[in-house]
2 protein chains.
Amino acid sequence: MSIRIGILGYGNLGRGVESAIRQNEDMELAAVFTRRAPESVSLRTPGIPVVNVDEIGAWKDKIDVLILCGGSATDLPVQTPIYAKDFNVINSFDTHARIPEHFAAVDAAAKEGGKAGLISCGWDPGMFSLLRMISTACLPDGKNYTFWGRGVSQGHSDAVRRIEGVVDARQYTIPVEDAVARVRAGEQPEFVTREMHTREVFVVAEEGADKARIEKEIKEMPNYFADYDTTVHFISMDEMKRDHAGLPHGGFVIRSGRTGFENEHTEIIEYNLKLDSNPEFTSSVIIAYARAVARMAAEGKTGCMTVFDVPPAYLSPLSGEELRAHLL
Amino acid sequence: MSIRIGILGYGNLGRGVESAIRQNEDMELAAVFTRRAPESVSLRTPGIPVVNVDEIGAWKDKIDVLILCGGSATDLPVQTPIYAKDFNVINSFDTHARIPEHFAAVDAAAKEGGKAGLISCGWDPGMFSLLRMISTACLPDGKNYTFWGRGVSQGHSDAVRRIEGVVDARQYTIPVEDAVARVRAGEQPEFVTREMHTREVFVVAEEGADKARIEKEIKEMPNYFADYDTTVHFISMDEMKRDHAGLPHGGFVIRSGRTGFENEHTEIIEYNLKLDSNPEFTSSVIIAYARAVARMAAEGKTGCMTVFDVPPAYLSPLSGEELRAHLL
């Protein structure tokens with residue numbers, strides 16, 4: 001029997017989940033839930049109901065895992081504990097500092113409802129977390145480095161769009177090559193923020209806007225840009241559409257460790273992602289973990305989990321025998 | 001209370017385990033078991049008993065996990081099921097084709113004795129398997145590539161040493177750069193063996209030996225060299241000792257996958273190891289999994305497992321709360 005998936009929120013991530021389901025024969029899309037008028041939402045998959053989220057209660061027994069595809073700032077912290085009472089849930093909550101409280105809220109709700117939940121799934125948090133954790137356990141004497149990019153940061157792009165005179169903007173995060181080279185060579189440097197990443201911004205400005213002022217506002221924006229070396233390019237809307245339509249991203253987690261009786265040997269573990277589509281890869285990871293959540297819930301697991309808690313075999317449609325014969 | 005580790009077999013791997021234990025505060029080395037005369041074995045760690053393996057029965061209640069550090073050809077297939085009846089065990093069994101039967105034998109023995117076992121741990125099989133498996137689950141539409149090196153293959157070095165007229169030999173496995181570049185660029189080529197790796201051999205020959213004959217025998221050796229482009233260098237014993245004393249290795253597993261409604265996006269996952277010491281890294285992974293085996297056994301788990309079956313959190317000495325706060 002297929003694993004029946006519900007999607008809540010049909011943006012980039014929701015569409016990514018929809019496309020990922022089509023690559024997994026043991027999965028089916030049961031329904032998409034939305035806060036918008038359902039008739040205004042048209043899916044890529046024919047015949048799938050679009051349902052107003054107010055009516056989600058009727059779907060309790062028709063969905064094995066509900067995937068919450070909203071944002072981490074306001075949607076997920078509120079929605080996830082609510083729906084975790086009635087559904088097995090999974091989300092991509094990525095506000096690192098608030099993970100402990102979010103975990104506690106989802107854990108309590110899921111246990112109350114006898115359901116299983118998994119939070120902070122995707123690639124960071126998600127696969128990057130998993131690799132940081134496993135690599136740290138394998139090389140306890142060492143340091144972790146996480147580099148992001150080259151790729152589009154949607155949060156930073158949005159921040160630039162809020163500046164007066166900006167029509168559209170795209171922000172790329174770029175690792176500093178020299179820093180990467182030093183880490184890969186086995187040095188264990190201490191970096192300040194500016195030494196690990198640079199930022200490059202492409203801006204479409206309103207006609208007649210003060211470009212010097214816009215550039216200054218970007219470069220001095222606290223939290224987002226002030227701690228980085230930032231380059232700003234003004235381009236036309238045609239150039240924006242032609243050259244910056246995609247959402248590529250990626251990055252790498254490096255564990256640099258030492259082994260041996262005198263710590264004389266350096267061992268470098270690197271996990272590297274190069275993604276044409278950030279939301280589609282995130283969705284693909286979420287779908288694999290949704291399989292695990294469905295199975296673990298069927299075995300009686302309740303409460304909240306993270307990627308740290310899932311035996312990897314649960315991610316695969318293959319049996320233990322098949323995995324050992326072909327992938328070990 | 002510390003996790004008490006026993007080591008069976010004190011070669012490169014056993015010494016690696018001994019050094020890895022020193023990096024993990026929750027572990028202690030309880031004893032080293034050997035088939036040799038115990039007085040002929042001197043450990044790096046003072047005060048630890050060296051015991052003839054015939055007396056291992058007396059240690060049943062004094063060891064939490066027994067790490068079997070013998071070879072895959074003859075030692076591990078025989079030893080592991082024997083000791084799995086009385087001890088939680090872990091090994092690095094790496095004969096891929098025989099994993100299913102070995103798993104079955106260890107599983108039966110461990111269940112009979114109420115113990116837990118984990119086989120085929122290290123980096124390949126081990127971490128490479130884990131990454132192949134997880135990456136395949138996350139990107140079902142794609143291909144896996146495993147490249148090894150540049151590094152010393154001990155099996156190939158041994159094979160060369162068995163040739164008449166060879167005093168010593170060291171064989172390096174080297175990925176073909178062009179093949180790696182194509183895979184990293186998102187192509188999904190089909191390779192024959194020769195296209196993925198080359199082999200480089202350094203040989204110390206007996207004085208007066210027929211070097212042309214030795215080179216020919218190496219290059220034509222079935223299974224080991226015949227399917228590869230191999231370069232042979234004759235060097236002096238001094239050069240061998242000066243330039244080839246270490247056991248560096250490494251390699252990388254790449255999953256090249258496609259996502260999107262039209263499979264229009266390429267996503268590349270690469271897990272890359274660069275190791276100064278192959279046996280020490282292998283041991284470091286084994287020690288992390290030994291922690292997991294000890295914990296899972298304490299919770300009542302019996303039978304055989306692989307890296308696919310272990311929830312990653314069990315590898316770390318940190319609590320779930322600490323992991324979520326600092327590594328997610």
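What separates E217(A) and R213(A) in helix α8 (residues 211–219) of chain A? The two residues lie four positions apart, so about one helical turn lies between them. Helices here are DSSP runs of H or I with at least four residues, strands are runs of E with at least two, and both are numbered from the N terminus.

The model is predicted: local features need pLDDT of at least 70, side-chain atom pairs count only at pLDDT 80 or more, and totals for chains, interfaces and linings use all residues. Residues are numbered from 1 along each chain as its sequence is written, chains are lettered from A and ligands numbered from 1 in the order in which they are written, and side-chain values use heavy atoms, with hydrogens and water left out.

The side chains of E217(A) and R213(A) form a salt bridge, with N to O at 3.0 Å. A salt bridge places a side-chain nitrogen of Lys or Arg within 4 Å of a carboxyl oxygen of Asp or Glu. Over all chains, the structure holds 42 of them. E217(A) is partly exposed at 36% relative accessibility. R213(A) is partly exposed as well, with 26%. Buried means under 20% relative accessible area, exposed means over 50%, and partly exposed lies in between (1.4 Å probe, protein chains only).

Helix α8 of chain A also holds E215(A) and K219(A), four residues and about one turn apart. Their closest N and O atoms are 2.9 Å apart in a salt bridge. E215(A) has a relative accessible area of 25% and is partly exposed. K219(A), at 34%, is partly exposed too.

In chain B, a salt bridge joins E200(B) to R150(B), with the closest N and O atoms 3.1 Å apart. This pair links distant parts of the chain, 50 residues apart. E200(B) sits in strand β10 (residues 197–205), and R150(B) in the loop between β7 (142–148) and β8 (151–152). E200(B) is buried, at 16% relative accessible area. R150(B) is partly exposed, at 43%. In chain A, salt bridges with shared partners join D158(A), R161(A), D168(A) and R170(A) into one network.

Strand β1 (residues 3–8) of chain A has five of its six residues buried, so the rest of the structure largely encloses it. Strands count as paired if DSSP finds at least two bridges between them. β1(A) pairs in the parallel sense with β2 (residues 27–34) of chain A over six bridges. I5(A) has L29(A) as its bridge partner in β2(A). β1(A) also runs parallel to β4 (residues 65–68) of chain A, joined by four bridges. There, G6(A) stands opposite L66(A).

I5(A) is also among the residues with the most contacts inside the largest nonpolar core, together with Y289(A) and Y289(B). That core has 161 residues. Another core, of 13 residues, lies apart from it and includes I163(B) and V201(B). A nonpolar core is a set of buried Ala, Val, Leu, Ile, Met, Phe, Trp, Tyr and Cys residues joined through side-chain atoms within 4.5 Å.

Chain A superposes on chain B by a rotation of 180 degrees with 0.0 Å of shift along its axis (RMSD 0.0 Å). The two copies are thus related as by a two-fold rotation axis.

Technical notes
Least-squares fit on C-alpha atoms with pLDDT ≥ 70 in both.
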